[in-house]
Amino acid sequence: MALNALEQEALTALDLSRPRPLRLTDHLGLLRASSVVLFLILWEVFGRRVNPLFLSYPTAIANACAQLLASGEFQRQALGSLQVYAVGLGAALVLGIFLGLLMGRYRLAEYLLDPYVYALDATPRVALIPLLLLWFGLGAQAKIAVVFLSGIFPVLMNTFSGVRTVSSGLVDIGKAYGAGERQVFTKIILPAALPFIMAGVRLAVGRALIGIITAEMFTAVTGMGALLIRYSSAFATDKFFVPVIFLALLGVLLSVAVEALQKRLAPWKETERAL
Amino acid sequence: MLQVRHLSKVFFEQNDPRKPGLVALYDISLSVRKNEFVSLLGPSGCGKTTLIRIVAGLLPADRGEVLVNGKPVTSPGRERCMVFQQFGLLPWRTVLGNVEFGLEIEGVAREERREVSRKYLDLVGLKGFEDYYPHQISGGMQQRVGIARALSKKPDILLMDEPFGAVDAQTREQLQEELLKIWAKTDTTVIFVTHSIDESIYLSDRVVVMHSRPGCIKEEVVVDLPRPRWEGDIKADPRFAQLRARIRESLRA
């Protein structure tokens with residue numbers, strides 16, 4: 001909103017432009033960046049004093065990274081992991097949202113499906129990996145299955161409770177204006193549950209990442225997880241840190257991406273936040 | 001225009017037909033002429049909201065029927081539009097998006113519904129607020145959006161469920177006056193639920209006084225005050241005071 005003439009006058013009289021004393025909270029970005037730089041410097045200094053079998057340090061890791069990238073090995077493994085991750089997570093999100101909507105809206109679907117959903121969700125996914133390897137072998141299929149199982153429950157549960165929390169008042173608005181079941185679903189339930197769904201997606205993205213690494217560490221044939229096993233058994237700690245850092249960056253990137261998507265899809269939530 | 005015949009509604013605890021919890025409406029009959037402004041007045045729990053929800057088609061009756069232009073009501077219809085107590089706006093839609101909602105459901109093309117919606121936003125004095133979200137504007141403005149949305153469908157009957165109950169006193173008076181002006185411009189029939197005696201007299205042609213347990217109609221009071229009522233101070237008129245006293249008596253007895 002623009003200020004009117006009187007407000008403008010008041011603002012001039014208030015003269016808020018006076019120099020303020022230096023406050024740390026005015027330079028949060030700078031503080032964060034310096035903290036990271038300081039951490040890296042300390043790591044470099046102390047890391048060099050430790051036996052390289054146990055800990056590496058930033059410049060050594062950078063070297064190892066350059067080596068791995070030059071050989072093309074790292075890219076190949078990373079791409080393999082990402083493909084499995086994308087397929088498994090994609091399937092988990094689609095089916096999770098679909099089943100969550102169905103179970104949230106229809107009692108029948110809820111009663112038919114919830115024993116399996118709760119039982120599977122409560123089971124630690126790691127416990128199922130040996131069975132999945134038995135069924136699908138050491139290739140991509142087993143890993144996709146693990147990623148799928150890791151990702152589907154958070155999104156399904158969140159979608160379900162999102163639909164459940166839609167107030168009957170909102171549904172009434174739709175009905176009062178003549179919306180049929182399909183329109184109530186698409187124009188009321190879905191947008192109302194969207195913040196919950198997105199929270200579920202965010203969780204699923206992280207869980208699926210854990211899923212893919214765990215599966216690859218079990219099979220230890222290909223992918224990031226396999227690299228972790230291989231380098232740690234060889235005591236190549238500098239190389240070991242390359243996939244670790246890659247995974248950390250990937251995790252952050254995905255989280256930022258989902259947050260951006262959330263802002264785009266649910267802008268009305270943004271302005272309600274306290275901080 | 002609108003006929004309510006021997007309408008009854010019972011609420012059960014946990015939807016269990018063996019546990020009746022409340023006789024919300026018992027044998028209600030009422031008829032409303034075209035263009036009439038009728039208020040349903042009564043204490044909380046007298047079934048006035050239940051009655052308007054049944055008329056809106058949001059709730060089925062247990063006995064009796066509601067006829068609009070001679071046709072029984074079984075579901076919401078485009079000739080009846082509802083303005084809700086808590087404004088009933090969709091928080092994920094902008095002001096314009098909320099007004100468009102009714103027309104969108106009906107399948108009106110985007111351009112046309114935008115144009116119509118802007119026209120009604122203008123009518124309720126919200127030009128320039130199209131892109132705001134509901135939580136960014138005041139309660140009074142939110143209810144104006146609710147009214148614009150209902151009017152945009154050009155309903156024969158406007159159903160208003162304590163529409164001004166959740167706004168401050170000053171805004172309330174302002175909204176009452178605006179409602180009367182809008183009503184004078186359109187040829188809408190209004191059913192208005194309220195628990196404020198003054199509000200019901202100020203607005204209505206007729207006040208239907210209800211009482212609770214079981215919810216039924218106690219008395220219908222015709223308000224023969226001249227219109228327009230926003231000119232001068234009608235609330236200081238002795239006839240207004242008489243009506244107020246009479247209705248208060250009726251509510252108390």
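Student: Which residues line the largest pocket?

Tutor: From chain A there's Lys187(A), and from chain B you have Trp92(B), Arg93(B), Thr94(B), Gly97(B), Glu100(B), Glu104(B), Arg110(B), Arg113(B), Arg114(B) and Tyr133(B). By the way, this is a predicted model, where local features need pLDDT of at least 70 and side-chain atom pairs pLDDT 80 or more, while totals for chains, interfaces and linings use all residues. Residues count from 1 along each chain as written, chains are lettered from A and ligands numbered from 1 in written order, and side-chain values use heavy atoms, without hydrogens or water.

Student: What makes something a pocket, and what makes a residue part of its lining?

Tutor: On a 1 Å grid over the protein atoms alone, a pocket is an open set of points where a 1.4 Å probe fits, with protein on both sides within 12 Å along at least five of seven lines, and a lining residue has an atom within 4 Å of a point. Glu100(B) is on the list, so one of its atoms meets that 4 Å limit. The space comes to about 230 Å³, counted as what probe spheres set on the joined points fill.

Student: What is the lining made of, by class?

Tutor: Seven charged residues, two polar and two nonpolar. Asp, Glu, Lys and Arg count as charged, so Lys187(A) and Arg110(B) belong there. In chain B, helix 2 (95–106) and helix 3 (110–123) each supply at least two lining residues; a helix here is a DSSP run of H or I with at least four residues, and a strand is a run of E with at least two.

Student: How many residues does each chain bring to the contact?

Tutor: Chain B brings 25 and chain A brings 19, with contact meaning heavy atoms within 4.5 Å. About 1900 Å² is buried, 68% of that from carbon and sulfur atoms; that's accessible area (1.4 Å probe) lost on putting the parts together, summed over both. Trp92(B), Ile105(B) and His135(B) supply 34% of what chain B buries against chain A.

Student: Why is Arg53(B) with Asp172(A) called a salt bridge?

Tutor: The rule wants a side-chain nitrogen of Lys or Arg within 4 Å of a carboxyl oxygen of Asp or Glu. Their closest N and O atoms are 2.7 Å apart, so the pair qualifies. Two salt bridges are counted between the chains.

Student: Which element gives the most to the side of chain B that touches chain A?

Tutor: Helix 2 of chain B, with four residues.

Student: What is the peptide bond from Arg213(B) to Pro214(B) like?

Tutor: That bond is cis, with omega near -5°, and Pro214(B) sits in the loop between strand 9 (206–211) and strand 10 (216–222) of chain B.

Definitions and conventions
Buried area is the accessible area (1.4 Å probe) that two parts lose on being put together, summed over both.
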